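Dear colleague,

Please find below the structure that I am handing over to you. My findings follow it, arranged by topic.

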Amino acid sequence: MEFGWIIAPLVGGLQIGGASAITLAANGRIAGTSGILAGTMRPTDDRGDRVAFLVGLLAVGAVAPFVMPSAFEGGVDRSYPALILAGLLVGFGTQLGNGCTSGHGVCGLSRGSPRSMVATGTFMLTGGIAAFVVGHLLGGAL
Amino acid sequence: MTRTRWVSLFVGLLFGVGLVISGMTRPDKVIGFLDVAGAWDPSLMFVMGGGVAVYAVAWQIVRRWKAPLVAPAFALPTRRDIDGRLVAGAALFGLGWGIGGYCPGPALVSVPSGQSAVLVFVAAMVAGMQIFRVWDARGRAASAT
């Protein structure tokens, strides 16, 4: 058995978990990306913290393509209307459902939150359905 | 800069590095993971597994504290009820994730790479958040009258 393919996702996951754990231990808050982003667009009491988090993410994104270009490859065959639909669904859905893969999928699951368990099960299911429909019924393009 | 802000900046950097290394910024990998009926790529399960492993341990320790280390008080979600908004919101988010291959964190990290697909997706995601705000405010105003 070859286990190399597990290493990068696991190391990345440990770093994501570590970053979220630091947010919990130091700032006493949930590290949920969709909530942090939405909170920068309206008056919030910790807006500066939210902006600082985004600056960190974008700084990594500015350097990473030069260090690890393969991380930004693997684009899929999606038209602009499909990408707009996907973005609208992600933006609206994460606000209606109070979280995304980080807030529900990492922080909430770990805290044993019943809301996050239901949310994570739901978005994994509908994500699988969408991927299946586009990949198998629509021939892999949209 | 306040101390919580420095923490947030560091967290953003570490979180971003984790997302890049994990493979979450590649839509083909994300879709290969979500589509269990195709050539299933289970590797991204270890991203969530690694994240949950670290955070679950941290939670068991930190939940006993009276206050966090830097901020004056905890501000954590307390709701435990399952309502239609939660399920519908998660369902819509999942559909968008499965169509585009991006969830919010990886999409934001990918913005500086300048790919037009990411820029279009993120602009629409921000618009979706704003549409929710307007829609939600209208709903609240209507139910208050």
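**A residue to begin with: A:Leu109**

A:Leu109 lies in helix α5 of chain A. Please keep in mind throughout that this is a predicted model. Is A:Leu109 buried or partly exposed? It counts as partly exposed, because it has 19 C-beta neighbours inside 10 Å, whereas a residue needs 20 or more to be called buried. Leaving aside residues up to four places away in sequence, A:Leu109 touches A:Ser116, A:Met117 and A:Thr120, and also B:Val52 of chain B. A:Thr120 stands 11 residues from A:Leu109 along the chain, and the C-alpha atoms of the two are separated by 8.0 Å.

**Confidence in the model**

The model scores ipTM 0.95 and pTM 0.95. For chain B, the mean pLDDT is 95, and 99% of the residues score at least 70.

Chain A contains 6 helices and 0 strands, and along the sequence its pattern reads α-α-α-α-α-α. Its C-alpha trace spans about 45 × 35 × 30 Å along the principal axes. Chain A has 142 residues, of which 58% count as buried. Of the contacts in chain A with a separation of 6 or more, 45% join residues 24 or more positions apart.

Chain B likewise comes to 6 helices and 0 strands, and from the N terminus on its elements run α-α-α-α-α-α. Chain B is more spread out than a compact globule, because its radius of gyration is 18 Å, well over the 15 Å that the globule rule gives for 145 residues. The C-alpha trace of chain B spans about 45 × 45 × 35 Å along its principal axes. Of its 145 residues, 48% count as buried. In chain B, residues 24 or more positions apart make up 41% of the contacts with a separation of 6 or more.

**Where the chains meet**

**The nonpolar core**

In soluble globular proteins, nonpolar side chains tend to be buried together. The largest nonpolar core here has 83 residues, and those touching the most other members are A:Ala86, A:Leu89, B:Val20, B:Phe93, B:Ala107 and B:Phe121. One of these deserves a separate look. Not counting residues up to four places away in sequence, B:Val20 touches A:Val60, A:Ala64, A:Met68 and A:Ala71 of chain A, together with B:Thr25 and B:Val109 of chain B.

**Helices, and the residues that follow them**

Helix α4 (residues 84-100) of chain B has 17 residues, which at 1.5 Å a residue should span 24 Å; its end C-alpha atoms are 24 Å apart, so the two values agree. Of those 17 residues, 13 are buried, so α4(B) is largely enclosed by the rest of the structure. B:Gly101, which follows α4(B), has a positive phi near 85°.

Helix α6 (residues 116-144) of chain B has 29 residues and reaches 42 Å from its first C-alpha to its last, close to the 42 Å expected. Its buried residues include B:Ala117, B:Phe121, B:Met125 and B:Met129. What covers the buried residues of α6(B) includes α2 and α4 of chain A, as well as α4 and α5 (104-110) of chain B.

In chain A, the 24 residues of α6(A) should span 34 Å at 1.5 Å a residue, and the end C-alpha atoms are 33 Å apart, which agrees. A:Gly139 follows α6(A) and has a positive phi, near 75°.

A:Asn98 has a positive phi of about 60° although it is not a glycine. Where is A:Asn98 placed? A:Asn98 is in the loop between α4 and α5 of chain A. This residue counts as buried, because 22 other C-beta atoms lie within 10 Å.

With kind regards

Definitions and conventions: Residues are numbered from 1 along each chain as its sequence is written. Chains are lettered from A and ligands numbered from 1 in the order in which they are written. This is a predicted model: local features need pLDDT of at least 70, side-chain atom pairs count only at pLDDT 80 or more; totals for chains, interfaces and linings use all residues. Helices (H or I, at least four residues) and strands (E, at least two) are DSSP runs, numbered from the N terminus. A residue is buried if 20 or more other C-beta atoms lie within 10 Å of its own, exposed if 12 or fewer, and partly exposed in between; C-beta atoms are placed from the backbone. A nonpolar core is a set of buried Ala, Val, Leu, Ile, Met, Phe, Trp, Tyr and Cys residues joined through C-beta atoms within 7 Å. Two residues are in contact if their C-beta atoms, placed from the backbone, lie within 7 Å. The expected span of a helix is 1.5 Å times one less than its number of residues. pLDDT is the predictor's confidence in each residue, from 0 to 100. The radius of gyration is taken over C-alpha atoms; the globule rule is 2.2 Å times the number of residues to the power 0.38.
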